[in-house]
Amino acid sequence: MREVDVLAFGPHPDDVELGCGGTLLKLADRGYSFAIIDLTRGEMSTRGTVEMRAAEAAAAARVLGATARENLALADGDVRNDHESRQKVVEVIRAYRPRLVFAPYYHDRHPDHSHASELIYEAAFVAGLRRYETGQESYRPSQFAYYMRWYEFEPTFIVDITEQYERKMQAIWSYASQF
């Protein structure tokens, strides 16, 4: 694995594209590298299959220009902030060593999004603890930001993605089984 500037987490394939895809494109346009980490395979989705979602996620990652995209295969519909899940997220953070982590906002209609937010936030902290053993050097990202999904909140900053909007939509339309 190679280090990246930004690590964007999504509970399901397509959440990153919807929530912060335009910002990732803007960062890539400015020379920053990023990877996308999907927590689940989207197996509980009403439409499509796990295989379709994986192919769609790969296509969307190409559109966005991601350095890498991984799936941690946590249980869709049952994302939890437990030891096993936290360890997987810590290992990914330590492997990629991002300066910035994006996570879904913690107040959301879908329980997986809320639980994922808490899981990612805590893992980003725990990754910096020397005594949390994973066989990797400890590392804590210096910045953490939430992206908006279902519920609106008062943002601390807004990114103008006017120039990236069409490419963001192309990434979203990569999920033909969903949209």
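Select alanine 73 to begin the tour: this residue is partly exposed, with a relative accessible area of 44%, where partly exposed means between the 20% under which a residue is buried and the 50% over which it is exposed, using a 1.4 Å probe and protein chains only. Alanine 73 sits in strand E3, and its phi is near 55 degrees, a positive value in a residue other than glycine. Most residues other than glycine have a negative phi, and most peptide bonds are trans. Helices here are DSSP runs of H or I with at least four residues and strands are E runs of at least two, numbered from the N terminus.

The model is a predicted one, in which local features need pLDDT of at least 70 and side-chain atom pairs count only at pLDDT 80 or more, while totals for chains, interfaces and linings use all residues. Residues are numbered from 1 along each chain as its sequence is written, and side-chain values use heavy atoms, with hydrogens and water left out.

Next, select aspartate 14, which lies in the loop between E1 and helix H1 (15-29). Phi of aspartate 14 is also positive, near 105 degrees, and the residue is buried, with a relative accessible area of 8%.

Move on to helix H3 (residues 83-96) and helix H4 (residues 111-126), whose axes come within 8 Å and cross at roughly 55 degrees; the axes are lines fitted to C-alpha atoms, for helices over the stretch in contact, and the angles run from 0 to 180 degrees between N-to-C directions. H3 and H4 are therefore oblique to each other, given that angles under 35 degrees count as roughly parallel, over 145 as roughly antiparallel, 65 to 115 as roughly perpendicular and the rest as oblique. The crossing of H3 with H4 is right-handed, a term used when the near helix is turned clockwise from the far one by less than a right angle, with anticlockwise giving left-handed. To display the contact (heavy atoms within 4.5 Å), select Ser85, Arg86, Val89, Val90, Ile93 and Arg94 of H3 together with Leu119, Ile120, Glu122, Ala123, Ala124 and Val126 of H4. Sorted by class, the contact of H3 with H4 has 8 nonpolar, 1 polar and 3 charged residues, where Ala, Val, Leu, Ile, Met, Phe, Trp, Tyr, Cys and Pro count as nonpolar, Asp, Glu, Lys and Arg as charged, and the others, Gly among them, as polar.

Stay with H3 and colour its buried residues, which are Ser85, Arg86, Val89, Val90, Val92, Ile93, Arg94, Ala95 and Tyr96. These buried residues pack against strand E1 (6-10), strand E2 (34-40), strand E3 (68-74) and H4. Just after H3, arginine 97 takes a positive phi of about 50 degrees. In H4, the buried residues include Asp112, His113, Ser114 and Ala116.

Which helix meets H1 in a right-handed crossing? Select helix H5 (residues 165-173), whose axis comes within 9 Å of the axis of H1 and crosses it at roughly 130 degrees. That angle makes H1 oblique to H5, and the crossing of H1 and H5 is right-handed. On the H1 side, pick Glu17, Leu18, Gly21, Gly22, Leu25 and Asp29, which meet Arg167, Lys168, Ala171 and Ile172 in H5. The residues of the contact of H1 with H5 divide into 4 nonpolar, 2 polar and 4 charged.

Follow the chain past H5 to serine 174, in the segment after that helix. Is serine 174 buried or exposed? Serine 174 is buried, with a relative accessible area of 16%, and, not counting residues up to four places away in sequence, it touches Glu56, Ala59, Ala60 and Val63.

Now select threonine 49, in the loop between E2 and helix H2 (50-64). Threonine 49 is partly exposed, with a relative accessible area of 35%, and although threonine 49 and serine 177 are 128 residues apart in sequence, they are 8.3 Å apart in space, C-alpha to C-alpha.

Finish with valine 4 and serine 33. Valine 4 is found in the segment before E1 and counts as buried at 5% relative accessibility. Leaving aside neighbours within four places in sequence, valine 4 is in contact with Ser33, Phe34, Ala35, Thr67, Tyr96, Arg97, Pro98 and Arg99. Serine 33, in the loop between H1 and E2, counts as buried at 13% relative accessibility. With residues up to four places away in sequence left out, the residues that serine 33 touches include Val4 and Thr67.
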